[in-house]
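I would ask you to read them with the coordinates open.

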Amino acid sequence: MPSWLGFLRGPQSAGTALHRERGFREMLGELGHPLAPELVRPGDFSHDTARAAMRELLDRPHPSSAVFCANDLTALGAVDGAISLGVRVPEDVWVVGYDDIAMAAWEAYGLTTVRQPITDMARMAVRMLIEPIEDRTLPARRREFPAELVVRRSTAHTPAS
């Protein structure tokens, strides 16, 4: 079990946080690397909580060298937590977020993140709300959209071992 991979989760009450965590855990499992429970930190999608959680992960005898965050604001807090300890991103620790908010591309962060087609998702959501009103015989539908990994500077180098 890798002792280097940390995870900063979102609030347990948020469906998006639960889905992201489930997908992350499933992929790690498929790769033969289950997520170590001691490297998971609770979160609330906030910068301050993530900053403190990242400091905890990096203050361990064997600190995390890569951290996946349930959203970009959490990831930005994680980057700031690392910097506050003198830990370099990406040289000492990789950080990956989720959502591709505008700040993720800022030069100061250069955050690697997962992007979803938000505009397409919103259009489909509206269509899926309106169509059954217009035609009550339509069955319920589910639609999934592809995500894209946007690689930036926060994972551009090999972390130190």
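This is a predicted model: local features need pLDDT of at least 70, side-chain atom pairs count only at pLDDT 80 or more; totals for chains, interfaces and linings use all residues.

1. Residues are numbered from 1 along each chain as its sequence is written, and side-chain values use heavy atoms, with hydrogens and water left out.

2. Six strands form an open sheet of mixed pairing, in the order β2-β1-β3-β4-β5-β6, where strands (E, at least two residues) and helices (H or I, at least four) are DSSP runs numbered from the N terminus, and two strands pair if DSSP finds at least two bridges between them. The edges are β2 (40-41) and β6 (148-150), each of which pairs on one side only. The pairing of β1 with β2 is parallel and covers two bridges, and Arg 41 in β2 is the bridge partner of Leu 8.

3. Helix α1 (residues 15-30) packs on this sheet and touches β1, β2, β3 and β4, with its direction at about 165 degrees to that of β1; contact here means heavy atoms within 4.5 Å. Helix α2 lies across β1, β2, β3 and β4 and runs at about 160 degrees to β1. For these angles, axes are lines fitted to C-alpha atoms, for helices over the stretch in contact, and the angles run from 0 to 180 degrees between N-to-C directions.

4. Helix α3 (residues 72-84) has 13 residues and reaches 18 Å from its first C-alpha to its last, close to the expected 18 Å, a span defined as 1.5 Å times one less than the number of residues. Among its buried residues are Asp 72, Leu 76, Val 79 and Ala 82, where buried means under 20% relative accessible area, exposed over 50% and partly exposed in between, with a 1.4 Å probe and protein chains only. The cover over the buried residues of α3 includes β1 (5-8), α2 (47-58), β3 (66-69), β4 (94-98) and β5 (112-115). At the start of α3, a side-chain oxygen of Asn 71 comes to within 3.4 Å of the backbone nitrogen of Leu 73, and the helix is followed by Gly 86, whose phi is positive, near 80 degrees.

5. Which side chain makes a polar contact with that of Thr 113? The partner is Asp 72, at 2.6 Å, a polar contact being a pair of N or O atoms within 3.5 Å, of which, within protein, one must be able to donate a hydrogen and the other to accept it, while residues adjacent in sequence count only if both atoms are side-chain atoms. Thr 113 lies in strand β5 and is buried, at 0% relative accessible area; a polar atom of its side chain lies 3.4 Å from the backbone nitrogen of Asp 99.

6. Glu 56, in helix α2, counts as partly exposed at 44% relative accessibility, and its side chain is joined to that of Arg 41 by a polar contact of 2.6 Å.

7. The rings of Phe 7 and Phe 68 have centres 5.8 Å apart and planes at 10 degrees, so the pair is stacked; rings of Phe, Tyr and Trp (its six-membered ring) pair if their centres lie within 6.5 Å, with planes under 30 degrees apart counted as stacked, over 60 as edge-to-face and the rest as tilted. Phe 7 is buried at 0%, as is Phe 68 at 11%, and ring pairs link Phe 7, Phe 24 and Phe 68 into a cluster.
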